[in-house]
Amino acid sequence: NAAVKDGKQALGNPFFGAEKRLAPAESYVRISDEVIYDAGEIVYPSIIMVYHPDVILMGKSYTMPFFSGIKRDGVILVNSPKDIEFTVEESERLRELNVALHFFPATSISREVTGSELSTNVAMLGALLGFTGIVTYESLAEALMDRFGGKTKFVASGTTAVLDEAVRKQYGKKEKLIAANAEVLQKSYDMALAAVSAGASA
């Protein structure tokens, strides 16, 4: 939605495997300045986001290694408070492809700011924006406002509706939820920008 607000073309679709507890789920997002015709699985991604470290640590990815297919000069963002060690072969492959690998404490930020893990996804989006600049900050903030409390009606799946109800109970009022997400977004964005600046000056 943020990409569309920036005047770009965008298409997203989820992919679910076996329907069981703790089974991995994937989602694919395409963003382009041109018309998008392909709506299927992204086999050669430019960016990979891992929302839980167990995807790597416990091999819960549908592809092995989890970064299989990533393009040269790609970006990997992992929600983890500390670096994860890869095999020598995996590390060499990432270096060969000049992949930018970022470990980011998204869940920790969500807990710190909101007292809950429920804004982890917002922290990941803030980090993605800080590391890549893929959309403008203003459009992402506005898209989040639309999602959680704007005038645009969000059509949720049954699962998302249940999660939304849990979120509403956590925050009590929609205004608190919006304010909490805005703070998480800003903090994670600022932290990612600071990391980029520190890397550039090193």
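1. In this predicted model, N13 touches S27, Y28, R30, A39 and G40, leaving aside residues up to four places away in sequence, where contact is taken as heavy atoms within 4.5 Å. Local features need pLDDT of at least 70 and side-chain atom pairs count only at pLDDT 80 or more, whereas totals for chains, interfaces and linings use all residues; residues are numbered from 1 along each chain as its sequence is written, and side-chain values use heavy atoms, with hydrogens and water left out.

2. N13 lies in strand β1 (residues 9-16), and its side chain reaches the backbone oxygen of A39 at 3.4 Å. N13 is buried, with a relative accessible area of 19% (buried means under 20%, exposed over 50% and partly exposed in between, with a 1.4 Å probe and protein chains only).

3. S61 sits in the loop between α2 (54-57) and β4 (75-79), and is likewise buried, at a relative accessible area of 15%. Leaving out residues up to four places away in sequence, S61 touches V55 and F66; S61 and A23, 38 residues apart in sequence, are 9.4 Å apart in space, C-alpha to C-alpha.

4. For the protein as a whole, there are eight helices and five strands, following the pattern α-β-β-β-α-β-α-β-α-α-α-α-α along the sequence; helices (H or I, at least four residues) and strands (E, at least two) are DSSP runs numbered from the N terminus.

5. Of the 202 residues in the protein, 32% are buried, and among contacts between residues at least 6 apart in sequence, 66% join residues at least 24 apart.

Conventions:
A polar contact is a pair of N or O atoms within 3.5 Å; within protein, one must be able to donate a hydrogen and the other to accept it, and residues adjacent in sequence count only if both atoms are side-chain atoms.
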